[in-house]
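Work through the exercises below with the structure open beside the text. Try each task before reading its solution.

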2 protein chains.
Amino acid sequence: MLDVIGQESNASFGEIEFSLPPATGPIGGTLNVQLGSGGKSFREQKVVAVTRKDQVYSILRQAIISSQLAPGEAIRKELVALQLGVSRTPVSDAINRLADEGLVEIYPQTGTFVARLRLDKIETAQFVRIALETAAIRRAAERSSAEIVQRLRDNLDRQRKAADSRDFEGFYALDEELHDMICDAAGLAGLREIAAKERSQIDRVRRLLLHYETRMVETLKEHQTIVDAIAGSSVERAAAAMEEHISKMGKMLLQLQSKRPELFAE
Amino acid sequence: MLDVIGQESNASFGEIEFSLPPATGPIGGTLNVQLGSGGKSFREQKVVAVTRKDQVYSILRQAIISSQLAPGEAIRKELVALQLGVSRTPVSDAINRLADEGLVEIYPQTGTFVARLRLDKIETAQFVRIALETAAIRRAAERSSAEIVQRLRDNLDRQRKAADSRDFEGFYALDEELHDMICDAAGLAGLREIAAKERSQIDRVRRLLLHYETRMVETLKEHQTIVDAIAGSSVERAAAAMEEHISKMGKMLLQLQSKRPELFAE
DNA sequence: AGTTAATATGTAACATGTTAGATGTTATTG
DNA sequence: CAATAACATCTAACATGTTACATATTAACT
């Protein structure tokens, strides 16, 4: 299930202030998504509370991944807190998590900055991504069902539409969704979340590359190859296609570095 | 109950704070690892500050992994803060990180508990570990140098000594070190930290199994096979040995569950 | 002038007070 | 007696005040 939290609050820094509902607003306080309304207690069912820090985290993460907050840019906790109408605490908590994720860098007593891109870190993330997702797709190909394949093909259809209408953002979202679905298809609890987390660095780069790349059609073809392999339960072919697909990013990254060196560290 | 922590010298804190420059006083007299500082500014060098929350995190993590804090046990933040002589803030921060890592579970407005073991989560962690470490060892085997192999063999020698003297804890530490070294040998920035983090769940299980298992000698043999494969640059053999090695844990886990069901969730 | 010491500033780290919500207990009601 | 409502309790979440420290700036000194 997708957590659908703070998406509607369109966060834009610097100019427009984003609105998290006022202190005790509808989303203020912890609203918990009520799943099957059994008589079970909060603790027994696995309802994850959507706290303010979670919302702040989502908003900031989104802002960073989408480069609304540029690499190297300072993040003033107090200002963010003010803009979001919350105290410094949930902002700090959110930023701590982002720091663990490698999206921001905290220099004690000095400042917090959106992490610059580092080729070596990206290389590692790429490596991890390939390791995890080729392993995941192997399992997925082994246990693929007609229903899953159908959902994958539905996704591809939507990708095709997005590509036709040059809808970069939509395509990107569908791309993510596809990879998530493949992780899920591996049938391992929590794997998608782990993979998504390790992909953070790469997501950021891909979003930056998005507008340079005329690669949507090509990417779509690769996705089709991948899905076909899963549909045919061709384990090795699926893994190879996935590795090939993920590896594509490398060269474009170097282009990006020469075009926009300020985004990179070192 | 947290005995390690409240060992000594909570007194040194409250009063002398002002007079002593290293205000980052030791917590419970443990782990104040100060890295030497060069001429560079804090921000330029990537010295990670050892803050109180870092220390609390290390202490709690250690306590959890070693089962000093048992699965299911409640963690009272305020009490922990009191025992460690710090405020609730760094304790909360540390616990948040542990929650991200899956070692504790926070139920809002209710309580914080050491996460119980979940077979499905452990299975996923196992999967991730195999994916990452077999990929890492492939790279390591490709780029192995005489020096690295030497260090690996040194580690094995120490493992042998630990096994001979039935030093479980020492053996365990060396085991971790070996896996860390292999990750490092892959030559990817930050890979070791990522792998270590994903290993948390498994580390906990392994520590629990440690005293049941008479497997030290067998494990040592597996390690030797792995190192030999790296030394011989036998990429596939190394990967296979690693997978075989990591997979061993599965059956023992089921034994543990039947012996100590209270450690498990569901 | 160049180097070092003093000081000012801003921020994260830390401490502590306050609020809201989850749960268990007791009272109340049918 | 069972169901439920009122209440007490406890805890994480949140808010805000305070401290320490990294860094920039200025002053003092050789």
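**Exercise 1.** How many Å separate a polar side-chain atom of A:Arg76 from a phosphate oxygen of DNA strand C?

*Solution.* The model is predicted. Find the side chain of A:Arg76 and pick its polar atom facing the phosphate oxygen of DNA strand C: the distance is 3.0 Å. A polar contact requires N or O atoms within 3.5 Å, so the pair A:Arg76 and DNA strand C counts as one.

**Exercise 2.** Describe the surroundings of DNA strand C by residue and by atom.

*Solution.* Start with the residues: there are 27 around DNA strand C, and A:Thr112, B:Arg52, B:Ser87, B:Arg88 and B:Thr89 come nearest. Next, sort the residues of this surface by class: 8 are nonpolar, 12 polar and 7 charged. Finally, turn to the DNA: of its atoms within 4 Å of the protein, 69% belong to sugar or phosphate, and the rest belong to bases.

**Exercise 3.** Describe the interface of chain B and chain A.

*Solution.* First, count the residues: 33 of chain B are in contact with 33 of chain A. Second, take the area. The size of an interface is often given as the accessible area lost when the parts come together. Here chain B and chain A bury about 2800 Å² between them, with 65% of it on carbon and sulfur atoms. Third, list the polar links. The interface has 2 salt bridges, one of them between A:Arg97 and B:Asp100, whose closest N and O atoms are 3.8 Å apart. There are also 4 residue pairs in polar contact between the chains, counted with both residues at pLDDT 80 or more.

**Exercise 4.** Which helix gives the largest share of the side of chain B that touches chain A?

*Solution.* In chain B, H4, helix H5 (119–142) and helix H8 (191–198) each supply at least two residues of this side. The largest share, 11 residues, comes from H5(B). By class, the side of chain B that touches chain A has 15 nonpolar, 5 polar and 13 charged residues.

Note on methods. Residues numbered from 1 in each chain as written. Chains lettered and ligands numbered in written order. Predicted model: local features only at pLDDT ≥ 70, side-chain atom pairs only at ≥ 80, totals over all residues. Heavy atoms only, no water. Near = heavy atom within 4 Å. Polar contact = N/O pair within 3.5 Å; in protein donor to acceptor, adjacent residues only side chain to side chain. Nonpolar A, V, L, I, M, F, W, Y, C, P; charged D, E, K, R; others polar. Contact = heavy atoms within 4.5 Å. Buried area = accessible area lost by both parts, 1.4 Å probe. Salt bridge = Lys/Arg side-chain N within 4 Å of Asp/Glu carboxyl O. Helix = DSSP H or I, 4+ residues; strand = E, 2+ residues; numbered from the N terminus.
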